[in-house]
Number of protein chains: 2
Amino acid sequence: MNSRVAIVGPGLLGGSIALALRARRAAPVAIWARRPEAVEELKAIAIADFSSTSLDRVVRDADLIVLCTPIGAMPALAREIAPAAKPGTLVTDVGSVKAPVVAALGAIFGGRFVGSHPMAGSEQSGLHAARADLFEGATCIVTPDAQSDAGAIAEIAEFWRSLGGIVHRMSPAAHDEAVALVSHFPHLLAAALVNMVAARDASALYLSGPGFLDSTRVAAGSPEMWAEILASNPEAVGKSIHAMIESLREIENMLARDPADPALLHLLTAAKKTRDRLRQPTSHD
Amino acid sequence: MNSRVAIVGPGLLGGSIALALRARRAAPVAIWARRPEAVEELKAIAIADFSSTSLDRVVRDADLIVLCTPIGAMPALAREIAPAAKPGTLVTDVGSVKAPVVAALGAIFGGRFVGSHPMAGSEQSGLHAARADLFEGATCIVTPDAQSDAGAIAEIAEFWRSLGGIVHRMSPAAHDEAVALVSHFPHLLAAALVNMVAARDASALYLSGPGFLDSTRVAAGSPEMWAEILASNPEAVGKSIHAMIESLREIENMLARDPADPALLHLLTAAKKTRDRLRQPTSHD
């Protein structure tokens with residue numbers, strides 16, 4: 001893709017897209033940031049060809065606009081972007097919940113908007129955590145709906161592939177169900193685990209080894225961002241919570257009845273088999 | 001400690017103790033393995049000064065004996081070791097549950113036995129995963145009881161410190177309660193999470209990013225070892241299960257009532273604050 005890219009929001013994902021494009025000399029990049037200090041920082045590290053707090057100036061020449069702000073800020077920004085962008089400009093976003101974002105942004109941009117979700121975050125956030133290889137080997141979900149333009153879908157998919165991503169295509173609703181299982185609910189569970197241990201015996205936390213630290217790493221992520229994500233996907237997350245309560249209740253009953261019940265070994269064996277089939281974390285995890 | 005060390009069981013922990021002692025040229029090391037093939041492997045990598053399937057020959061000159069087998073195998077081995085060891089030999093173990101192990105081994109060895117739990121495992125197991133720096137900076141819990149010899153407690157603590165460990169002293173019962181919170185229950189929870197996702201939508205697993213992989217890494221650990229650990233600490237693990245069910249039920253109700261409830265942000269913020277205070281995983285995590 002040899003076109004101009006406008007990145008709206010200079011956080012971990014926006015910054016990493018800019019770095020990845022620059023590393024590939026793929027496209028002139030413009031970045032919008034809300035705060036003048038953020039624009040100064042962008043200029044200081046020379047991450048883009050153009051940085052500004054003027055949304056109009058950042059997006060007006062773009063062939064592709066990528067919204068990288070918190071999802072709650074996207075609809076208002078999109079309404080500002082729409083009249084400023086060239087006709088035919090492609091638009092995507094990187095939000096972690098897709099149904100509400102696609103509904104809102106699709107209504108504004110029509111078929112030239114196709115939602116995306118690169119699953120390449122980390123517990124870190126902000127421009128300082130950005131990296132050119134963040135999308136290398138990362139799952140990038142593209143979520144067209146019925147009104148999406150076929151050419152736009154193909155170009156957005158190709159954009160993520162050009163940054164090293166492995167593209168999956170799903171409907172926004174299927175995305176939100178699946179990602180609740182492997183991202184939104186596990187995040188909530190890690191936070192609940194940290195709080196549960198702290199409430200029962202905070203001193204035990206200082207005994208924690210590498211296993212506990214890994215299991216709870218995501219709980220160090222931005223509370224504001226994750227509260228917004230969870231609140232935007234409450235039904236699917238609610239189903240996961242319910243399923244986990246049912247599982248734990250079964251295990252609780254089993255342990256109380258007979259700790260030597262072979263069902264315990266079976267559940268651990270099943271989990272190991274499934275976990276062993278997943279790819280291992282790569283060096284940038 | 002300049003004395004002779006006998007390691008009973010050549011797995012991840014036994015092998016790592018041998019490597020750590022060799023790296024420090026700290027003590028002559030003998031290792032016992034049940035299977036002749038394991039002894040051949042130990043000899044091939046020259047990890048010890050002496051390796052044998054003869055428990056008697058491995059332990060008879062030792063000043064310190066470290067049991068590194070699964071906890072279920074320890075009492076029978078201890079009964080074989082007791083008549084073979086020199087009078088006054090120190091004995092410890094590395095089991096992940098302490099009350100039943102300390103009761104059984106203390107009855108056999110008296111005050112010269114002091115239980116230990118170096119929290120330095122990994123989802124890997126076996127000699128091939130052993131490493132000389134496994135205990136560097138690792139929490140090593142020493143669990144004396146009323147009958148423990150004061151000199152023995154000090155020497156066992158010093159042994160772990162000499163391998164790089166950070167020693168905490170707790171009663172066996174307090175250990176089992178605390179470690180249920182930060183190790184045994186989180187392991188069970190990770191396994192339950194993997195199984196829950198696999199049951200609801202196995203294809204979602206292929207979307208998982210680094211967060212899910214980290215959260216569930218421990219679920220790849222040995223099912224046999226973990227079933228034994230969990231079955232040996234069912235009451236404390238049961239309390240954690242119960243507390244987590246209660247937490248999840250509260251969150252479920254809150255999300256169903258009002259996904260924008262500020263309590264969601266509060267719980268994520270509390271978890272982040274707690275998690276940020278814990279030390280970060282080191283390079284050998």
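Strand 1 (residues 5-8) and strand 4 (residues 64-67) of chain A pair in the parallel sense over four bridges, where strands count as paired if DSSP finds at least two bridges between them. Within this pair, A:Ala6 stands opposite A:Ile65 of strand 4 of chain A. The model is a predicted one, in which local features need pLDDT of at least 70 and side-chain atom pairs count only at pLDDT 80 or more, while totals for chains, interfaces and linings use all residues. Residues are numbered from 1 along each chain as its sequence is written, chains are lettered from A and ligands numbered from 1 in the order in which they are written, and side-chain values use heavy atoms, with hydrogens and water left out.

Strands of a sheet pair through backbone hydrogen bonds, either parallel or antiparallel. The helices (H or I, at least four residues) and strands (E, at least two) named here are DSSP runs, numbered from the N terminus.

| Strand order | Number of strands | Pairing | Average angle between neighbouring strands |
|---|---|---|---|
| 3-2-1-4-5 (chain A) | five | parallel | 15°, direction ignored |

Helix 6 (residues 150-162) of chain A lies across strand 1, strand 4 and strand 5 of chain A, and runs at about 55° to strand 5 of chain A; axes are lines fitted to C-alpha atoms, for helices over the stretch in contact (heavy atoms within 4.5 Å), and angles run from 0 to 180 degrees between N-to-C directions.

Strand 7 (residues 139-143) and strand 8 of chain A pair in the parallel sense over four bridges, and A:Thr139 stands opposite A:Ile166 in strand 8 of chain A.

A rotation of 180° with 0.0 Å of shift along its axis superposes chain A on chain B, with an RMSD of 0.0 Å, by least squares on the C-alpha atoms of residues with pLDDT of at least 70 in both. The two copies are thus related as by a two-fold rotation axis. Of the residues of chain A, A:Ser215 comes closest to that axis, at 1.9 Å (C-alpha).

A:Ser215 and B:Ser215 are also among the residues that line the largest cavity, to whose lining helix 7 (172-201) of chain A and helix 7 (172-201) of chain B each give two or more residues.

Technical notes:
On a 1 Å grid over the protein atoms alone, a cavity is a set of points where a 1.4 Å probe fits but cannot get out, and a pocket is an open set with protein on both sides within 12 Å along at least five of seven lines; lining residues have an atom within 4 Å of a point.
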